[in-house]
Structure formats: structure tokens, C-alpha cells
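This report goes through a few parts of one structure in turn. Keep the sequence and the 3D view at hand while reading.

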Amino acid sequence: MRVRFAPSPSGHLHVGNARTALFNWLLARGSNGTFVFRIEDTDVARSSRESEQSIIDDLRWMGLTWDEGVERGGDHGPYRQSERLHIYRAHAVELLATGKAYQCFCTAEQLEADRQAALSEGRAPKYTGRCRDLSRQDARRRVEAGEPAVVRLRVPQGREIVFRDLVRGAITFETAIIGDFVLTRSNGYPAFNFAVVIDDALMAITHVVRGEDHISNTPRQLLVYEAFGWRAPTFAHLPLVLGPDHAPLSKRHGATSVAEFRERGYLPEALTNYLALLGWSPGEGEEIVPLEDLARRFDLESVGHSAGVFDTEKLAWVNRHYLKVADPSRLAQLTVPFLVRAGWLSGATPEDLEYLAAIVPAAAASVDRLEQIPDRLRFLFDYSAEQSLGRSDTRAEAEAARPVLVALASELRHGPPLLTREAFREMAARVRTATGLKGKSLFHPIRLALTGEPEGMELDLAVPAIERGAGLSASGLHPIAGASARAEAFLDALGGS
RNA sequence: GCCGGUAUCGUCUAGGGGUCAGGACACGUGGUUCUCAGCCACGGGACCGGGGUUCGAAUCCCCGUACCGGUACCA
């Protein structure tokens with residue numbers, strides 16, 4: 001089995017296309033097949049190398065590597081359409097020679113007028129065939145005179161084109177509604193339906209798996225295969241990805257590109273897992289299916305037939321799962337850019353990474369995305385007793401809890417650093433004994449004094465994180481005040497008795 | 001307009017001539033005796049409409065309707 005993903009490099013990789021790429025990749029991986037990556041850059045105005053590179057980066061980030069294609073090579077290259085122009089030209093000449101295609105000199109204005117006329121008369125707006133019967137001599141003369149020409153396929157009329165779609169079954173089209181479409185544009189570039197067929201045929205693609213928006217291109221492409229006498233591949237059309245309002249997913253729905261999801265801190269395994277289950281189901285209500293399992297179990301027959309709404313909430317839930325099971329040091333690495341952006345880290349030293357690996361998982365377990373981790377770790381790097389007490393409810397609570405704060409400061413002054421959750425719990429128990437307070441009236445003031453925040457992660461996790469951070473020296477991290485210093489500062493800021 | 005496709009909780013879906021129509025996300029309630037988040041438990045919530053076939057239709061057939069795609073010298 002040989003499959004391909006062939007995006008046009010005109011922007012970032014959209015999640016809809018990413019899913020198409022994923023399904024193709026899964027098919028190849030699951031069948032020991034070959035995944036070909038081709039770039040369709042014949043629309044010169046919209047294509048760019050930057051887009052191509054970003055698509056490549058996004059595919060690699062998702063873990064979708066290709067066996068043949070751009071930046072990798074292979075026996076069926078080149079893999080960039082702009083480098084295959086000579087191939088399309090030769091094939092256009094071939095069809096011209098056999099009379100399967102002809103040159104057309106109609107101007108854009110004529111074509112538009114024909115179209116309007118057809119529409120107003122309720123006819124199908126297809127090419128009228130004005131140049132269909134021009135003699136070759138005439139055509140050659142006009143071309144030599146410098147008249148711009150396109151090459152059109154001579155579409156046989158009165159035929160029925162049927163193909164068996166692996167997702168939807170038999171689909172039928174009448175050629176009567178298909179006009180003689182353009183194969184080669186007047187600028188010499190091939191049109192989509194022509195280039196695709198030549199590439200897929202020459203690259204020996206066996207299964208064309210693409211979006212549903214290509215269904216009506218399929219009969220045209222089948223006609224091109226037929227004109228060359230080539231055997232057509234098997235087709236499978238995937239349902240589209242929609243936004244919450246059932247319109248095609250677009251920027252106004254929020255993030256739509258893989259790059260954006262990466263930047264917001266979604267893990268690649270979460271995106272691929274989510275995308276695979278949008279339109280395909282493993283069956284028995286399974287929701288978490290890692291990439292390797294997907295490759296083993298994915299099949300086109302159980303791909304759904306209807307378009308799916310991209311649900312960011314569900315993606316977030318999947319991401320949370322992978323965040324919880326992610327390796328701590330990987331998590332630490334992935335969080336670095338976000339901490340740098342927050343201004344709490346310049347360059348991560350191995351020492352910093354070790355520290356982060358110990359604390360980041362606790363923060364990661366309670367957020368949707370990596371992007372939100374700095375906020376959960378704010379208590380480490382951005383402690384300010386004054387600022388905390390600036391909140392009136394915090395000040396009131398702290399004043400009422402002065403005995404706890406005094407006992408806390410005293411315990412911290414005399415005791416060792418609280419490097420473990422046990423050490424913290426024992427210290428808290430001593431404060432409870434000293435004050436006779438427990439529960440909320442004990443712990444909440446401690447939270448306020450040591451983290452500077454009314455909410456946050458469990459204290460027996462937060463406090464050791466503070467203490468370990470305070471013990472760090474000469475690292476790239478923003479300095480972290482220790483618990484004892486915080487308790488003193490908090491009491492100071494609270495003012496006299 | 002014409003051509004093609006699609007239709008199960010708000011969303012992703014399982015199922016499929018007789019089921020309490022199952023799961024997940026989201027939502028609501030409760031629990032986790034510091035809080036937020038998380039996590040756990042429980043709860044409400046669906047077969048597009050109309051005909052037909054049948055003892056029986058959400059399931060099969062037909063007709064509508066809605067939505068999506070195409071109808072280009074975009075891909």
C-alpha cells in the first residue's frame with residue numbers, strides 16, 4: 001500500500017489537513033506500506049517555502065514521518081510539483097497528440113459571459129466547448145502568434161463514472177455535468193486535477209485518502225486516468241472537520257493550526273489521539289488510544305460518514321490525560337519556553353531541569369495545557385507578602401490568624417528546611433499543637449503566608465517545592481524565597497500587634 | 001439552480017428489525033475534613049420530519065427538510 005499526503009504550502013498546517021495526514025500515515029504504518037509526502041505548489045501566488053517548512057515542522061512534531069518525499073527523497077521524485085513541470089508538459093503534449101485534449105483560446109471574459117448565460121437559463125455552468133473542434137493547424141497558428149492557450153480534456157459525453165469509495169461505497173457521476181476542464185493553464189502550470197493524477201500515477205499511489213471536498217474532483221481525475229490508459233487508485237474520502245457552528249473550521253473559531261496548538265502547550269500525542277477519534281472510532285468506548293495502537297487498529301471501513309465538530313474541550317481533556325502520564329523530565333523540558341516567556345527562567349541549567357522535573361508534574365496534573373503551568377507556579381517565583389496582603393480579605397484573614405502566623409514563623413525559624421511532604425506535615429502538626437487550631441483556620445493562613453496566594457496546589461507539595469527552590473544556587477531560575485523568609489516577611493508586612 | 005455527500009444526547013461516538021439506545025467530553029449535584037484546579041461518585045440529556053414494509057422501525061425503502069462539499073486558468 002502506497003499512500004500520500006499532498007498539501008499545498010499556503011499557510012500553516014490546518015488540523016483538518018493534519019487529520020488527513022494522520023489517517024494516511026496510520027494506514028501506511030498499519031500495513032507496512034509507504035507514506036509519501038508531496039508538495040503541491042503550482043499556485044505560485046499562494047505558495048511559499050515558509051509555509052512548506054512550517055508544514056514539515058508540524059508533521060514532524062506530530063510524529064508523522066514519511067518514507068518518501070520532500071526533504072527525504074525517494075525513487076519517484078521530485079516531490080515538489082514546481083519541480084515536475086516538465087513532466088506535466090510532456091503528458092499534456094501526449095494527450096494533445098492523441099486528441100484526448102485540445103487547446104482553448106477563450107478569454108476570461110468570454111468564459112464568464114458563458115457562465116452567466118448558462119446560469120440565467122438554468123443550465124449547468126460548464127465550458128461550452130467553443131474551441132473543441134478547432135483544427136490543429138488553427139490552434140498551432142494561434143499559439144505561434146502568441147495567443148494564450150489552455151489545454152482542456154475532451155470529456156466524453158453521456159457517460160456514467162462510478163467509483164467505489166472505501167468510506168462511502170459506490171458514488172456515481174454523469175459526465176454530462178462535467179465540462180471540458182482545464183489541464184494546463186495558460187501560464188504553463190498544470191491545473192490541480194491534472195497534476196494530481198500524473199503524480200499519483202507516477203508515484204504509484206495505491207490509495208488516495210483525502211478530504212470529502214475532493215469527492216467531486218474524483219470523476220474528473222478518473223477521466224484523466226482513463227485518457228492515459230492508467231489504472232486508477234482506490235479512493236477514500238474523509239468527512240470534514242467543522243467548527244462549533246457547523247461551518248468549516250476557520251480562524252474565527254480560535255486555534256485551527258497545528259502550530260497554534262503546539263504553542264499553547266498541547267502534547268503531540270494528545271492532538272493525534274484526539275484527531276484520530278474525530279471521524280473514526282475504535283469501537284467499545286475507548287478514548288485514549290496512543291499512536292502505535294492507532295496504527296495497528298485503524299481502518300478506513302469504520303471511518304464515519306458525517307462531518308465532525310472540532311471540540312476544544314475534548315481535546316483539552318485528552319491533553320490532560322497525556323500531561324498526567326508524561327515523563328517528568330520531558331515535561332520539565334517542554335515547560336522551559338513557557339517559564340522563559342514568563343520571565344522566571346533565562347537558560348535552563350541541568351540543575352534547573354532537575355528541579356523542574358520534580359515540581360512541574362504536580363502543576364501539569366491540574367492544567368489543560370503547558371501554557372497554563374507558569375500560572376500554577378507563580379507562587380514560587382513571584383512571591384510578595386505586601387501584594388498578598390493588599391487584598392482586603394487576605395489581610396482580614398491574616399489578622400484573625402495571627403497566632404498561626406507567629407507559631408509558623410517560629411517553627412520555620414528553628415526547624416530545618418521542609419524538603420518533603422512529611423516534613424511539612426510534621427511542622428503543621430506542631431503549629432496546630434501550639435495554637436489549638438486545625439483544618440481551614442490552620443492551613444489557609446499558612447497558605448497565604450507561604451505562597452502569597454489564596455489558592456493553588458496542595459500545601460504539602462507547594463512548600464517542599466518552595467524549600468527546594470530556595471536551596472538552589474547559581475541557576476537560571478528567578479530566585480525563590482524560602483519558607484522561613486516568607487513567613488517573616490508576611491508577619492512584617494502584616495504590621496504590629 | 002444543478003451535481004454529489006451526510007443525518008443517534010449540546011459535542012465526539014457505539015449499536016442496529018424487539019436494547020432500560022451504551023460510552024466519552026461538556027453540564028448539574030455530592031465527596032476528596034485548607035483552597036483553586038484535578039480526581040472520584042451520582043444525575044439530567046439523543047435515534048431530523050412524514051409516509052411505507054413489518055406482529056414490531058431508531059434500524060429497511062421512498063419522499064421531504066436541514067447541513068456540508070463541488071459546480072474556477074484555487075488546491
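In what sense do strand E1 (residues 2–5) and E2 pair, and over how many bridges? In this predicted model, the two strands pair in the parallel sense, over 4 bridges.

**The parallel sheet**

Strands E1 and E2 belong to an open sheet of 3 strands, in the order E1-E2-E3, and the pairing is parallel. E1 and strand E3 (68–69) are the edge strands, each pairing on one side only. Helix H1 (residues 15–30) packs on this sheet and touches E1 and E2. The direction of helix H1 makes about 160 degrees with that of E1.

Single residues can be followed across the pairing. Arg-2 stands opposite Thr-34 in E2, and the bridge partner of Val-3 in E2 is Phe-35. Along strand E2 (residues 34–37), the side chains divide between two directions: Thr-34 and Val-36 point one way, while Phe-35 and Phe-37 point the other way. All of these residues of E2 are buried.

**The antiparallel sheet**

Strands of a sheet pair through backbone hydrogen bonds, in either a parallel or an antiparallel manner. A second open sheet shows the antiparallel kind: its 3 strands have the order E4-E5-E8. Here E4 and E8 are the edge strands, and each pairs on one side only. On average, neighbouring strands of this sheet are turned by 45 degrees against each other, direction ignored. Helix H3 (residues 85–97) packs on the sheet and touches E4, E5 and E8. Its direction makes about 125 degrees with that of E8.

| Strands | Sense | Bridges |
|---|---|---|
| E4 (residues 101–104) and E5 | antiparallel | 4 bridges |
| E5 and E8 (residues 182–184) | antiparallel | 2 bridges |

Two bridge partners can be located in the view. Cys-104 has Val-150 as its bridge partner in E5, and Arg-152 has Val-182 as its bridge partner in E8. In strand E5 (residues 150–153), Val-150 and Arg-152 point one way and Val-151 and Leu-153 the other way. Are these residues of E5 buried or exposed? All of them are buried.

**A pair of helices**

Helix H19 (residues 421–435) and helix H21 (residues 459–470) pack with their axes 8 Å apart, at an angle of about 110 degrees. H19 and H21 are therefore roughly perpendicular to each other. On the H19 side, the contact is made by Arg-421, Phe-424 and Arg-425. On the H21 side, Leu-459, Asp-460, Leu-461, Val-463 and Pro-464 take part. The residues of this contact divide into 5 nonpolar, no polar and 3 charged.

Technical notes. Residues numbered from 1 in each chain as written. Chains lettered and ligands numbered in written order. Predicted model: local features only at pLDDT ≥ 70, side-chain atom pairs only at ≥ 80, totals over all residues. Axes fitted to C-alpha atoms, helices over the stretch in contact; angles between N-to-C directions. Parallel < 35°, antiparallel > 145°, perpendicular 65-115°, else oblique. Contact = placed C-beta atoms within 7 Å. Nonpolar A, V, L, I, M, F, W, Y, C, P; charged D, E, K, R; others polar. Buried ≥ 20, exposed ≤ 12 C-beta atoms within 10 Å, placed from the backbone. Pairing = 2+ DSSP bridges.
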